[in-house]
Amino acid sequence: MTDIEKYQSLCAAKPENALYRFSFGKALFDAGRYPDAIKAFQFCLSVRDDWMVVWILMGRALLADGQAAAAETHLKTALELAIEQEHEDPEHEIRSLLESL
């Protein structure tokens, strides 16, 4: 069973579980299935809008999917959260992604 199949099954059993949905989105992202990953990450952000890692992955997925403007918006939010939550390494990663746009 692949990670995608594993988390898809867990999400089907508990569709309201944001951690399962995040793991499903990450597996989809890692497999290059960006539109599907974006949908999973949207759910996560609807549950918890301060989830910095999801904002970063959403930005990266949007960027990989050719949606640069939307990616920039998400990455700017991720940057604000990284600064606010005092996460220096993600802050550097986000700044680098934004500079590449």
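A residue is called buried at under 20% relative accessible area, exposed at over 50%, and partly exposed in between, with a 1.4 Å probe and protein chains only. Helices are DSSP runs of H or I of at least four residues, numbered from the N terminus. The model is predicted: local features need pLDDT of at least 70, side-chain atom pairs count only at pLDDT 80 or more, and totals for chains, interfaces and linings use all residues. Residues are numbered from 1 along each chain as its sequence is written, and side-chain values use heavy atoms, with hydrogens and water left out.

Helix α5 covers residues 68-84. Its 17 residues should span 24 Å at 1.5 Å a residue, and its end C-alpha atoms are 24 Å apart, which agrees; the expected span is 1.5 Å times one less than the number of residues. Buried in α5 are A71, H74, L75, A78, L79, L81 and A82. These residues cover an arc of only 165° around the axis, which puts them on the same side of α5; the arc is taken from the directions from the helix axis to the C-beta atoms. The face turned away from that buried side carries A69, E80 and E84, which are exposed. The buried residues of α5 pack against α3, α4 (52-64) and α6 (88-99), where contact means heavy atoms within 4.5 Å. Just after α5, E86 has a positive phi of about 60°.

At the other end of the numbering, helix α1 (residues 3-13) has I4, Y7 and C11 as its buried residues. Viewed down the axis of α1, they fall within an arc of 75°, so they line one face of the helix. A12 and A13, on the other side of α1, are exposed. The cover over the buried residues of α1 includes α2 (18-30). F24 touches I4, Y7, Q8, C11 and A40, leaving aside residues up to four places away in sequence.

The aromatic residues come next. A pair of aromatic rings is described by the distance of the centres and the angle of the planes. Rings of Phe, Tyr and Trp (its six-membered ring) pair if their centres lie within 6.5 Å; planes under 30 degrees apart count as stacked, over 60 as edge-to-face and the rest as tilted. The structure holds three such pairs. In one of them, F22 and F41 have ring centres 6.3 Å apart and planes at 40°, so the pair is tilted. This pair links distant parts of the chain, since F22 lies in helix α2 and F41 in helix α3 (residues 34-47), 19 residues apart. F22 is buried at a relative accessible area of 17%, and F41 is buried at 0%. F29 and Y34 make an edge-to-face pair, 5.5 Å centre to centre with 70° between the planes. F29 is buried at 10% relative accessibility, whereas Y34 is partly exposed at 23%. F22, F41 and W51 form one aromatic cluster.

The interior can also be described as a nonpolar core, a set of buried Ala, Val, Leu, Ile, Met, Phe, Trp, Tyr and Cys residues joined through side-chain atoms within 4.5 Å. The largest such core has 33 residues, and those with the most contacts inside it are F22, F24, F29, F41, W51, V54 and I94. Each of α1, α2, α3, α4, α5 and α6 supplies at least two residues of this core, and α4 gives the most, with eight residues.
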